[in-house]
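Hello,

I am passing on the structure we talked about, and below it you will find my notes on what turned up in it. Please read them with the model open beside you.

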Amino acid sequence: METTAAEEVFVPDVPPNFGQLLQSRRVEANLTIAALAKKTGLTRNTIVNIEQGSTTPSPQTMRRLLAVKALRLLETGTGEGPSVEAWFTKAYNPIDLIDGMTALLNGPGGRIEQTYLYLDPRSAVDYFVLCNTAEYVAAYREKIPHDQIAERIIKESKGVGLDVDGLGCGDGKSETALIQRLADRMPEPPDLQLYLLDISHVLLSEGYRTALNSLAPRRIPVFGIHGSFTDISKNPVLFAHPLTVKRLRVFTLYGGTFGNINDEPWFFQDLEACSQPGDLLVIDCQLVRAPADQPELIRAAEPLLKNGQPPETHHKFLTGPLKRHCEGLTHIKLRSVLSPHCLVPGSYAIEFWGDVEVEYEPKRRFLIQRVKRYDLDKLSTFLSTLGWKTLQTWKYGPGKLAGVLLAQRQ
Ligand SMILES: C[S@@+](CC[C@H](N)C(=O)[O-])C[C@H]1O[C@@H](n2cnc3c(N)ncnc32)[C@H](O)[C@@H]1O
């Protein structure tokens with residue numbers, strides 16, 4: 001039997017006592033059923049039925065209830081009784097994902113879906129180590145201009161509450177840093193919520209704990225979503241707020257997560273569906289070393305292309321999935337090549353390929369990772385065609401070769 005988009009959303013974590021929870025939080029918030037109905041656009045009957053436990057809320061209904069911050073339905077780590085602490089989208093099915101990865105790595109070669117790079121626990125840990133080397137942290141992570149980004153977000157938000165959606169959050173350090181800077185600029189208690197979404201259970205757990213440790217003392221709710229950013233338009237927690245709720249969403253893609261998106265135009269079309277005018281978007285990315293249409297200049301300027309190989313520091317992360325999952329593998333040789341085949345105008349990618357030898361089999365070639373570089377002006381023009389207007393950009397890091405773009409949904 002075919003399923004509709006709404007049925008595909010898998011919401012196992014509506015607690016069995018959700019009706020009771022809703023009722024107690026509504027009363028604590030001094031909201032009558034009529035007032036809650038007005039805030040959410042739900043009928044009084046729907047609310048009564050949920051509170052009495054005779055109806056399980058649909059994803060759309062949940063979205064409306066979760067958006068009412070006074071209900072504190074998403075609060076975690078406060079030890080004050082039940083809450084909705086975890087959310088799994090249907091696409092987040094680790095058994096299927098691991099099976100898919102194993103099949104691909106034992107196939108004839110070709111492109112490895114970028115999501116698979118972070119899937120197995122060892123891969124996630126190897127990535128965690130890579131992005132936390134002292135060198136990388138000092139050069140990039142500590143240089144992200146969070147203060148300036150927060151300043152501008154606060155200016156655009158005009159005093160309304162903010163829901164920050166950290167897409168592909170990894171260890172959550174950058175999202176947490178941004179939230180702290182936002183909170184510093186808001187009246188106490190800050191009207192902020194943080195949603196962290198990642199495909200890797202290992203990284204999401206780390207990100208969730210990092211965020212909770214820093215933000216729970218400030219009573220900022222943190223919420224973990226196990227899911228894919230290719231699937232955001234099926235995830236009610238990330239849907240656009242109903243018009244009755246005056247809050248803004250701030251979607252963030254930090255630390256090269258943007259470069260992990262295979263089809264940027266499709267991604268922004270989904271993001272447009274999940275947002276409303278005024279919502280904000282923070283993209284943190286690496287910048288082009290030379291114009292995308294000048295391959296010779298790029299080859300001369302790109303450290304990742306210099307020896308025709310990815311840096312030694314990346315070998316463990318890049319070869320790990322093949323070494324662990326490709327049966328009969330005897331040898332892998334890595335190489336890096338320039339690819340002009342990118343969808344965002346002005347951008348290019350450095351591709352890391354693995355030439356793989358397997359017993360009794362012809363050689364296989366796998367495209368393991370694509371690291372993308374963007375031109376901020378051309379990225380802005382591209383985003384404007386998809387409904388996002390650039391408000392400000394910043395360059396940072398060594399040689400100002402990393403950049404952040406803040407855009408607003410029109
Ligand atoms: C390049 S890392 C960046 C991590 C983090 N934002 C940072 O600043 O270090 C990409 C992150 O996106 C996650 N990721 C990759 N594919 C994903 C997908 N399809 N859906 C959700 N997360 C994904 C990875 O697990 C990883 O945490």
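**Charges over rings**

The charged end of Arg249 sits over the ring of Tyr195, at 5.6 Å from the ring centre, where sitting over a ring requires NZ of Lys or CZ of Arg to be within 6 Å of the ring centre and within 35 degrees of the ring normal. Arg365 has its charged end placed over the ring of Trp353 in this way, 4.9 Å from the centre.

Before going on, please keep in mind that this is a predicted model, in which local features need pLDDT of at least 70 and side-chain atom pairs count only at pLDDT 80 or more, while totals for chains, interfaces and linings use all residues. Residues are numbered from 1 along each chain as its sequence is written, and side-chain values use heavy atoms, with hydrogens and water left out.

**The ligand**

Which residues are closest to the ligand? The ligand is surrounded by 21 residues, and the closest are Gly168, Asp198, Ser228, Phe229 and Tyr254; a residue is near a molecule if one of its heavy atoms lies within 4 Å of it. This shell divides into eight nonpolar, 10 polar and three charged residues, with Ala, Val, Leu, Ile, Met, Phe, Trp, Tyr, Cys and Pro counted as nonpolar, Asp, Glu, Lys and Arg as charged, and the others, Gly among them, as polar.

A polar side-chain atom of Arg141 lies 3.4 Å from an oxygen atom of the ligand, and a backbone N or O atom of Gly170 lies 3.3 Å from an oxygen atom of the ligand. A polar backbone atom of Phe229 is 2.8 Å from a nitrogen atom of the ligand. On its own the ligand has 590 Å² of accessible area, of which the protein covers 98%, as computed by the Shrake-Rupley method with a 1.4 Å probe.

**Aromatic rings**

Across the whole structure a search finds 10 aromatic pairs, a pair being two rings of Phe, Tyr or Trp (its six-membered ring) with centres within 6.5 Å, called stacked if the planes are under 30 degrees apart, edge-to-face if over 60 and tilted otherwise. Tyr118 and Phe317 have ring centres 5.7 Å apart and planes at 50°, so their pair is tilted. Because Tyr118 lies in the loop between strand E2 (109-111) and helix H7 (121-130), and Phe317 in helix H14 (residues 315-325), the pair ties together parts that are 199 residues apart in sequence. Helices (H or I, at least four residues) and strands (E, at least two) are DSSP runs, numbered from the N terminus.

Are these two residues buried or exposed? Tyr118 is buried, with a relative accessible area of 11%, and Phe317 is buried at 3%, since buried means under 20%, exposed over 50% and partly exposed in between (1.4 Å probe, protein chains only). Phe229 belongs to one aromatic cluster together with Phe258, Phe267, Phe268, Tyr374 and Phe382.

**Backbone details**

Most residues other than glycine have a negative phi, and most peptide bonds are trans. The peptide bond from Glu188 to Pro189, however, is cis, with omega near -15°, and Pro189 is placed in the loop between helix H10 (173-184) and strand E4 (192-198). Arg219 has a positive phi, near 55°, and lies in the loop between helix H11 (201-215) and strand E5 (222-226), where Arg219 is partly exposed with a relative accessible area of 43%.

Best wishes

Conventions
Polar contact = N/O pair within 3.5 Å; in protein donor to acceptor, adjacent residues only side chain to side chain.
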